[in-house]
Amino acid sequence: MGNKFVPEVTSVLRQDIVKVPEVIKDASGIRVFGKRIKSILFSTDIAIIYNTNADAVIAVYPFTPHPGITKSIIEAANIPVFSGVGGGLTQGQRSVYMSLFAESQGSLGVVLNGPTPIETVQAVCKVVDISVISTVTSIYTELDEKLAAGVKMINISAGKETANTVRHFRAKYPDLPIIATGGPTEELIRETIEAGANAITYTPPTNGQLFSKKMEKYRETEKERYESEH
């Protein structure tokens, strides 16, 4: 059978949502507590998170994780959230406390940075009942101990080597759920999916970029109105 027709319901006020690339639908997805997730928005911008068609959000950022940030994102999101809980600068008990807080607020999973010591991984896996995700930055990332400790998924972010890194770990762990950055083009996203990624993270345009397009439209509308009246 061909593709089935999918009716769409929207509104005038929500027609400008941030849409993830269509090619991500070709990914197999990862079923997390019954929810099938293919597209994951990489953002901490609440306005963008609230206005997207992505299946989930991965909220990691280059600062020490803070409960106020986690709470704000989860409350604003109408889709599942994977919350960053440190692992680089922030380790040990603080990562554990952040993980417990994220779970209590409704996170679907917690994300640990690549440099996370195995002791922190073990401590987090021991106390939470949600998915623990370990970030992978290259083919040289050691995973065996982390998987044995209880890590359920990996999040591959290896820059231009992401597809090759996905291919490497898919060959090593055939059944491991893999999230990966897809890159800026549909061709790169497709390559990453074909390499073995089950779900794709998508970096949306910034708030400034989105507003710039809208302001350009407003200016054009004003110009047309002025010319029609004079």
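## Ser43, a buried serine

Ser43 counts as buried, at 9% relative accessibility (buried is under 20% relative accessible area, exposed over 50%, partly exposed in between, with a 1.4 Å probe and protein chains only). Ser43 sits in the loop between strand 3 and helix 1 (46-50); helices (H or I, at least four residues) and strands (E, at least two) are DSSP runs, numbered from the N terminus.

The Ser43 side chain gets to the backbone nitrogen of Asp45 at 3.0 Å. Skipping neighbours within four places in sequence, Ser43 is in contact (heavy atoms within 4.5 Å) with Ile48, Ile49, Val57, Ile58, Ala59 and Pro204.

## About the model

This is a predicted model, where local features need pLDDT of at least 70 and side-chain atom pairs count only at pLDDT 80 or more, while totals for chains, interfaces and linings use all residues. Residues are numbered from 1 along each chain as its sequence is written, and side-chain values use heavy atoms, with hydrogens and water left out.

## Ser39 in strand 3

Ser39 belongs to strand 3 (residues 39-42). Ser39 is buried too, with a relative accessible area of 5%. Not counting residues up to four places away in sequence, Ser39 touches Val20, Ile24, Asn53, Ala54, Asp55, Ala56 and Ile200.

## Helix 6 against helix 7

The axes of helix 6 (residues 162-172) and helix 7 (residues 186-195) come within 8 Å and cross at roughly 10°. So helix 6 runs roughly parallel to helix 7. Helix 6 brings Thr162, Ala163, Val166, Arg167 and Arg170 to the contact, and helix 7 brings Glu191, Thr192 and Ala195.

How values were computed
Axes fitted to C-alpha atoms, helices over the stretch in contact; angles between N-to-C directions. Parallel < 35°, antiparallel > 145°, perpendicular 65-115°, else oblique. Polar contact = N/O pair within 3.5 Å; in protein donor to acceptor, adjacent residues only side chain to side chain.
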